[in-house]
Amino acid sequence: MIGLLDSYESRWPVDKNASRIQTLVMRLPVICLVLVSAMLCPPSRAQVPVFQVTPIQSSIRFNTTSSRPLTGNFDKWNATLTFASRDPTSAVFQVEIQTASVHSRDSKNDDELKSKNLLNVAQDPVISFKSDKVVQTGKTTYDLVGTFTMRGVSKPATLKLAIADQGGGSGYVQGIVPFDFKDYGMTSRKVNERGEVDLNLKADQVSGPGLIHKRFQ
């Protein structure tokens, strides 16, 4: 029997590479899938600049410029500054402010700020801003163009972004969003009363490569 097998193999030799080729062919779709996934997946956090807003060095205030001016600081808010690439114009800034956290160190003023005439914290607990476009305005300065929402009313607004010139470091999101009381459903004893939300936020780079500023003329 053994002799017959040897004779058979000598007449029709077995290609020892056939199994390897077959295995490679079977694995080819999997290899292609992995390559396509790698090409389509967004860059990881390690490949883009990562910034973190620092509450200790930041502040958000609410001011009224009426005949009886009121000023209150917001204690609770959450802000993010993210980048899709090393290009600063890929930034997205978003902040949500808890209106009930406003305080002025005077309980009577706090009650007025939180009342339905002004912030209406019971029905409108959040003031927000989200950028949808970034425009370079200088060597390291940019406009954050987006939407400001308060008391259920959304209107366009622009904040300022300034970023450190050299490598990693820090950035600042600053700006005053002025508004007319009547545009946001606020009421007062006088007509044409106005107010503003004043943002002064600092963001530190915590990881990733530095941003690359385009030449500005």
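User: Before anything else, what does buried mean here?
Analyst: Buried means under 20% relative accessible area. H213 is buried by that cut-off, because its relative accessible area is 19%. Keep in mind that this is a predicted model.

User: OK, where is H213 in the chain?
Analyst: H213 lies in the segment after β11.

User: And what is H213 in contact with, leaving aside its neighbours within four places in sequence?
Analyst: The contacts of H213 beyond those neighbours are P88, K139, T140, Y142, I163, A164 and D165.

User: Which side chain joins H213 in a polar contact?
Analyst: That is Y142, and the polar contact between the two side chains is 2.8 Å. There is also a backbone atom to mention: the oxygen of A164 lies 3.4 Å from a polar atom of the H213 side chain.

User: Let's go back a step. What is the average pLDDT of the protein chain?
Analyst: The average is 84, and 76% of the residues score at least 70.

User: What about residues 34-41?
Analyst: There the pLDDT stays under 50 as well, with zero contacts beyond four places in sequence.

User: Next topic. How many salt bridges does the structure hold?
Analyst: Six. One of them pairs the side chains of K214 and D87, at 3.5 Å from N to O. This pair links distant parts of the chain, 127 residues apart. K214 is in the segment after β11, and D87 is in the loop between β4 and β5.

User: Is K214 buried or exposed?
Analyst: K214 is exposed, with a relative accessible area of 51%. The cut-off for exposed is over 50%.

User: What does R194 form a salt bridge with?
Analyst: With D180, and the closest N and O atoms are 2.5 Å apart. R194 is in strand β11 and D180 is in strand β10, 14 residues apart, so this pair too links distant parts of the chain. R194 is partly exposed, at 36% relative accessible area.

User: And which side chain meets D204 in a salt bridge?
Analyst: K202 does, at 3.8 Å from N to O. D204 is partly exposed, with a relative accessible area of 21%. K202, on the other hand, is buried, at 15%.

User: Why would such side chains pair at all?
Analyst: Side chains of opposite charge can pair when their charged atoms come close.

User: Now the rings. How many aromatic pairs are there?
Analyst: The structure holds six aromatic pairs. In one of them, F51 and F83 have ring centres 5.2 Å apart and planes at 55°, so this pair is tilted.

User: Where do F51 and F83 lie?
Analyst: F51 is in strand β1 and F83 is in strand β4, so the pair ties together parts that are 32 residues apart in sequence. F51 is buried at 9% relative accessibility, and F83 is buried at 7%.

User: And how do F148 and Y184 pair?
Analyst: They form an edge-to-face pair, with 6.0 Å centre to centre and 80° between the planes. F148 lies in strand β8, while Y184 is in the loop between β10 and β11, so parts 36 residues apart in sequence are tied together. Both F148 and Y184 are buried.

User: Which residues do ring pairs link into a cluster?
Analyst: The cluster has F62, F148, F179, F181 and Y184 in it.

User: Last topic, the backbone. What is the phi of R105?
Analyst: Phi of R105 is near 70°, a positive value in a residue that is not glycine.

User: Why is that worth a mention?
Analyst: Because most residues other than glycine have a negative phi.

User: Where is the place of R105, then?
Analyst: R105 is in the loop between β6 and α3. This residue is exposed, with a relative accessible area of 82%.

User: And what about the phi of N120?
Analyst: N120 has a positive phi of about 55° and is not a glycine either. This residue is found in the loop between α3 and β7.

User: Is N120 buried or exposed?
Analyst: N120 is buried, with a relative accessible area of 12%.

Methods. Residues numbered from 1 in each chain as written. Heavy atoms only, no water. pLDDT = per-residue confidence, 0-100. Contact = heavy atoms within 4.5 Å. Helix = DSSP H or I, 4+ residues; strand = E, 2+ residues; numbered from the N terminus. Buried < 20%, exposed > 50% of the residue type's maximum accessible area, 1.4 Å probe, protein only. Salt bridge = Lys/Arg side-chain N within 4 Å of Asp/Glu carboxyl O. Phe/Tyr/Trp six-rings, centres within 6.5 Å; stacked < 30°, edge-to-face > 60°. Polar contact = N/O pair within 3.5 Å; in protein donor to acceptor, adjacent residues only side chain to side chain.
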